[in-house]
Amino acid sequence: MRLSPMRYKDFVWPHNPRTYVIEYERVMAVNKVPYGRYQLQDLGPTRRILRGEGEFVGEDAYRTFQSLATVFYQEGPGLLVHPVWQCANAYFVELSLAQEPRADYVRYTFTFWESYDDYVERLTPVGGTSASAGGGTGTGNNTAGTGTWHTVRRGESLWAIARQYGLSLGALIALNPQIKNPNLIYVGQKVRVA
């Protein structure tokens, strides 16, 4: 199975990183009970940390790394789209380069911190649709509630739907916060296009 490339802001990886690690963390406090043992206090989950490493290979290896470094210097969070995991609004917080004595090979590592922007923490079942995805059945365009909706047909991707309506992929993803992984859409699912 061929996966779509990973993306962050306007940078698209020429090939996906070799490893990708997602760290989930829950903050806990330990309170000593006088003349007793202890009590644990759950302070809740904290940011997800998204780390990875990979290589750029070929005569453009260093130019590709420079392009990634340019994105690192841009301020503010951006949309991180992984080919399998859900999208995340994230800050690019760390980038390192392992200099090799070769002109056509760059090894690098990266770290992103997910930004909490009141996203829904509840997971929906695979194949499920969100109540905010609009109503209606059939194919083509629907107007449900506010906005214009497109019903996903067999073989369509968000990228193809965005092109069909003259939108960038980022704009289409922004219109559809109910879609947590833009690489997984289903026949019959409603996608807001305006």
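Guide: Let us begin with contacts, where the word means heavy atoms within 4.5 Å. In this predicted model, histidine 82 touches Met6, Tyr20, Asn181 and Asn183, once residues up to four places away in sequence are not counted.

Visitor: In which part of the chain is histidine 82 found, and is it buried or exposed?

Guide: Histidine 82 is found in the loop between strand S7 (78-81) and strand S8 (88-98). A residue is called buried when its relative accessible area is under 20%, and histidine 82, at 9%, is therefore buried. A polar atom of the histidine 82 side chain also lies 3.0 Å from the backbone nitrogen of valine 84.

Visitor: What does the chain as a whole look like in terms of secondary structure and burial?

Guide: The secondary structure comes to three helices and twelve strands, and buried residues make up 34% of the 194 residues. Of the contacts with a separation of 6 or more, 62% are between residues 24 or more positions apart. The chain exposes about 12,200 Å², of which carbon and sulfur atoms supply 53%.

Visitor: How many bridges join S6 to S9, and how many join S8 and S9?

Guide: Nine bridges join S6 to S9, which run antiparallel, and one of the pairings sets glutamate 53 against threonine 109 in S9. S8 and S9 pair in the antiparallel sense over eight bridges, with leucine 97 standing opposite tyrosine 108 in S9, and these two strands form a hairpin with six residues between them. Elsewhere in the sheet, two bridges join strand S1 (residues 7-8) to S7, where leucine 80 is the bridge partner of tyrosine 8.

Visitor: Why is S9 described as largely enclosed by the rest of the structure?

Guide: Seven of the ten residues of S9 are buried, so the strand is largely enclosed by the rest of the structure.

Visitor: Which residues have the most contacts inside the largest nonpolar core, and which element gives the most to this core?

Guide: The largest nonpolar core has 22 residues, and those with the most contacts inside it are Trp13, Phe56 and Phe112. Two or more residues of this core come from each of strand S3 (19-23), strand S6 (49-57), helix H1 (61-72), S8 and strand S9 (105-114), and H1 gives the most, with five residues. Tryptophan 13, leaving aside its neighbours within four places in sequence, is in contact with Pro5, Met6, Arg7, Tyr8, Phe56, Leu68, Tyr108 and Phe112. Apart from this core lies another, of 13 residues, among them Cys87, Ala162, Leu169 and Ile179.

Key. Residues numbered from 1 in each chain as written. Predicted model: local features only at pLDDT ≥ 70, side-chain atom pairs only at ≥ 80, totals over all residues. Heavy atoms only, no water. Helix = DSSP H or I, 4+ residues; strand = E, 2+ residues; numbered from the N terminus. Buried < 20%, exposed > 50% of the residue type's maximum accessible area, 1.4 Å probe, protein only. Areas by Shrake-Rupley, 256 points an atom, 1.4 Å probe, with all protein chains shown as cover. Polar contact = N/O pair within 3.5 Å; in protein donor to acceptor, adjacent residues only side chain to side chain. Core = buried A, V, L, I, M, F, W, Y, C linked by side-chain atoms within 4.5 Å. Pairing = 2+ DSSP bridges.
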